[in-house]
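Subject: Handover of a structure

Dear colleague,

Please find below the structure that I am passing on to you. My notes on it follow directly after.

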Amino acid sequence: MRGHQVLHDPWFNKGTAFSIPERDRLGLRGLLPPKVMTADQQVERFMRDFRKIPNDEERPMQQWRMLNRMHDRNETLYYKIVNANIKELAPIIYTPIVGQVCQNFSGLYRRPRGMYFSSEDKGEFSAMVWNWPGEEVDIIVVTDGSRILGLGDLGVQGIGVVIGKLDLYVAGAGINPRKVLPIVIDVGTNNKNLLDNDLYMGAHHERLEGPAYEEILDEFMEAVFSRWPNVIVQFEDFQNKWALKLLQKYRNTYRMFNDDVQGTACVGLAGILGAVRAMGRPMEDLASLKFVVVGAGSAGMGLVDMVRQNMAQALGGAQPAMAHALHNFWLVDKDGLITKDRKPLLPLYSAYARDPGENALPEGANLLKVIQEVKPDFLIGLSGCGGLFNKEILREMAKRDRPVIFPMSNPTSKAEATAEAVFKASDGRAIFASGSPFPDVVLDDGRVCHTNQGNNMYLFPGIGLGTMLCGARTISDGMLHAATERLAALVPDEVVKQGILYPPIEQIRSISVEIASAIVKKAVEEDLADGYFRGSLRIKPRQLGAMTEAGLKELIASQMWSPQYTPLIYTPKD
Ligand SMILES: NC(=O)c1ccc[n+]([C@@H]2O[C@H](COP(=O)([O-])OP(=O)(O)OC[C@H]3O[C@@H](n4cnc5c(N)ncnc54)[C@H](O)[C@@H]3O)[C@@H](O)[C@H]2O)c1
Ligand SMILES: O=C(O)C[C@H](O)C(=O)O
Ligand SMILES: [Mg+2]
């Protein structure tokens with residue numbers, strides 16, 4: 001490549017950072033302004049301009065566009081910018097603004113990124129995977145667009161979310177951006193507005209269901225694993241009826257996990273463990289605390305199952321302990337409290353369904369009544385229903401000493417309560433975590449109340465990184481528990497006491513190293529690891545198992561990609 005070709009290739013382009021010898025040898029002289037900039041100066045130039053965008057309601061979308069153009073122009077610089085400003089930029093490339101991006105994707109689409117497998121391509125998937133230029137792919141994030149954040153069915157436009165997830169893999173876990181692949185499986189959409197819009201970019205028919213749908217997914221999994229046998233596939237934002245089913249179907253055969261079910265469960269449980277410490281209670285108390293979980297979908301059920309497993313472990317781990325732990329949960333969905341009178345009572349819920357009439361609560365009792373009767377320690381929202389935790393509900397929760405309130409739905413507009421509402425209602429005593437970021441709240445008397453972002457972004461990058469590094473064949477519950485406990489342990493006691501449940505997101509790279517290390521150790525212990533083989537590096541599971549914690553972390557960090565320009569021409573050393 002020479003001249004304009006180099007400048008227009010996002011992998012090789014360095015913009016104004018091409019050195020003079022590179023400009024000479026690659027035919028770039030005269031094609032760039034004369035001053036050679038450093039990458040740091042380029043970041044600064046970008047951010048100065050970025051922050052100048054007028055602060056009106058258009059701002060976030062303008063900022064997303066500016067970042068997206070950089071992503072298309074110069075991948076290295078894009079990730080350098082994101083890494084250096086992760087706290088400021090995550091809300092734009094990820095939740096909440098990515099939700100708006102998906103909703104408007106037909107208008108925003110400029111260049112292709114990722115792959116689309118549609119029902120019209122059935123039978124062709126195993127050939128299509130060869131159209132992807134990347135010889136190696138480490139991580140795939142795939143959605144069928146059926147439940148994008150709390151925004152419902154957005155069809156192919158859901159690609160925005162999977163691109164955002166992979167941005168965090170690159171920025172947060174140092175996965176090489178040339179080895180990530182965002183994918184949408186387009187089996188149609190049931191969103192009438194999209195079907196009525198002749199400019200919608202996906203298949204114009206209703207979603208395939210039943211065996212026809214499952215055949216597409218099976219063909220997809222076979223195709224990607226036949227080309228990239230070592231890839232990790234993260235399922236993202238599949239509607240409930242498929243998310244859990246596909247997870248059960250594939251998790252023991254393929255190297256895959258479901259971020260909404262498992263990633264959310266991990267971040268939720270880590271937050272819960274932190275909250276128990278913040279309340280000043282010993283960890284054994286967890287098994288006696290009461291949880292009202294609102295939203296019994298993929299995320300809600302994933303979370304309760306994981307919390308229950310943790311409680312059962314604390315109670316001795318045996319079957320009676322698992323049964324005992326069931327008593328701590330009250331599940332509320334769009335039809336109210338789930339009891340044994342629920343018709344139909346899905347097998348998924350039957351273990352958790354309460355006895356009707358218990359605590360004077362009938363089938364379908366409303367949330368306020370449930371809270372009044374149960375007096376829960378924890379109120380967790382994974383319903384996608386914005387504002388559901390209204391004043392009355394928050395006032396009721398505020399009767400606890402330290403009410404724990406987690407409105408975890410995304411994006412911000414779907415959060416069950418705002419941080420301000422929660423802290424005002426509880427006079428600052430609440431412990432708060434939300435899926436999308438909220439700034440800390442300052443009360444009238446000047447007290448600062450800390451918010452937390454209980455988002456699976458703390459976990460999935462490290463889960464993927466660790467799984468890749470040990471060559472785990474599958475991702476087990478044991479690995480996920482180990483990752484969760486590691487995350488929770490990263491916050492020291494004196495910090496937790498202030499209601500801070502997670503480490504700062506600016507530390508995402510070192511957090512991912514920690515999580516990856518926990519994943520590797522557990523996978524080796526459970527005999528799930530095949531080892532790490534890359535280039536000339538060959539590390540067998542036994543060797544991974546024998547490493548010290550420091551040695552393992554050093555290995556992990558050394559394998560992470562960093563956004564640094566690589567020399568494009570050979571310059572002999574003196
Ligand atoms: N914080 C995170 O990391 C994180 C991770 C995953 C999902 N989420 C969010 O959780 C939400 C749900 O995701 P999901 O995959 O579980 O969806 P889902 O469709 O599988 O489940 C939604 C559940 O909410 C219930 N619900 C809907 N309206 C309700 C109402 N008015 N009152 C009570 N319950 C109601 C439904 O009955 C269902 O049980 C989404 O907004 C998503 O963005 C957050
Ligand atoms: O995407 C997120 O921000 C978290 C989660 O995966 C969700 O679906 O809301
Ligand atoms: Mg999701």
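Which elements each supply at least two residues of the shell around ligand 1? They are α14 (259-278), α15 (298-314) and β7 (329-333). Please bear in mind throughout that this is a predicted model.

The two ligands

Ligand 1 is surrounded by 31 residues, and the closest are G150, N240, G297, G384 and G435. Sorted by class, this shell consists of 10 nonpolar, 16 polar and 5 charged residues. Because domain 1 (99-254) and domain 2 (262-457) both contribute residues to the shell, ligand 1 lies between them.

Around ligand 2 stand Y94, T95, L149, V161, D237, D259, D260, N410, G435, N455 and N456. Of these residues, 3 are nonpolar, 5 polar and 3 charged. Domain 1 (99-254) and domain 2 (262-457) each provide at least three residues of the shell around ligand 2.

Annotated positions

For "active site", an unreviewed UniProt entry lists Y94 and K165. The two span 72 residues in sequence, yet no two of their C-alpha atoms are more than 7.1 Å apart, so they gather at one spot. Y94 sits in the loop between α6 (86-93) and α7 (97-103). Is Y94 buried or exposed? With 25 other C-beta atoms within 10 Å, Y94 is buried.

UniProt (unreviewed entry) also places the feature "domain: Malic enzyme NAD-binding" at residues 261-524. Over residues 261-524, the chain is 43% helix and 9% strand, and the end C-alpha atoms are 24 Å apart.

Strand β3 and its partners

Strand β3 (residues 180-186) is largely enclosed by the rest of the structure, because 7 of its 7 residues are buried. V180, P182, V184 and D186 point one way from β3, while L181, I183 and I185 point the other way. Strand β1 (residues 115-118) pairs with β3 in the parallel sense over 4 bridges, and S118 has D186 of β3 as its bridge partner. Strand β2 (residues 139-143) also runs parallel to β3, joined to it by 5 bridges. Within that pairing, V141 has P182 of β3 as its bridge partner. From β2 the chain passes through helix α10 (residues 159-173) to β3, in a β-α-β crossover that is right-handed.

The six-stranded sheet

Another part of the model is an open sheet of 6 strands, in the order β8-β7-β6-β9-β10-β11, with mixed pairing. β8 (336-337) and β11 (431-432) stand at its edges with a single partner strand each, so one side of each is left without a neighbour in the sheet.

Strand β6 (residues 291-294) is covered on both faces: F291 and V293 on one side, and V292 and V294 on the other, are all buried. β6 pairs with β7 in the parallel sense over 4 bridges, and V294 stands opposite V332 in β7. β6 likewise pairs with β9 in the parallel sense over 4 bridges, where V293 has I380 as its bridge partner. Strand β9 (residues 378-381) in turn pairs with strand β10 (residues 404-407), again in the parallel sense over 4 bridges. In β10, P407 stands opposite G381.

Backbone geometry

Most residues other than glycine have a negative phi, and most peptide bonds are trans. A few places in the model deserve mention against that background.

A cis peptide bond joins T95 and P96, with omega about 10 degrees. P96 is placed in the loop between α6 and α7. The peptide bond from K343 to P344 is cis as well, with omega near -10 degrees, and P344 lies in the loop between β8 and α17 (347-350).

D237 is not a glycine, although its phi is positive at about 55 degrees. D237 lies in the loop between β4 (232-235) and α13 (240-250) and counts as buried, with 26 C-beta neighbours inside 10 Å. With 10 C-beta neighbours inside 10 Å, D527 counts as exposed.

With kind regards

Methods:
Residues numbered from 1 in each chain as written. Chains lettered and ligands numbered in written order. Predicted model: local features only at pLDDT ≥ 70, side-chain atom pairs only at ≥ 80, totals over all residues. Near = placed C-beta within 6 Å. Nonpolar A, V, L, I, M, F, W, Y, C, P; charged D, E, K, R; others polar. Domains from an automatic or database assignment. Buried ≥ 20, exposed ≤ 12 C-beta atoms within 10 Å, placed from the backbone. Pairing = 2+ DSSP bridges. Right-handed = clockwise from strand over helix to strand, strands pointing away. UniProt positions renumbered as here; feature names shortened; annotations may be inferred.
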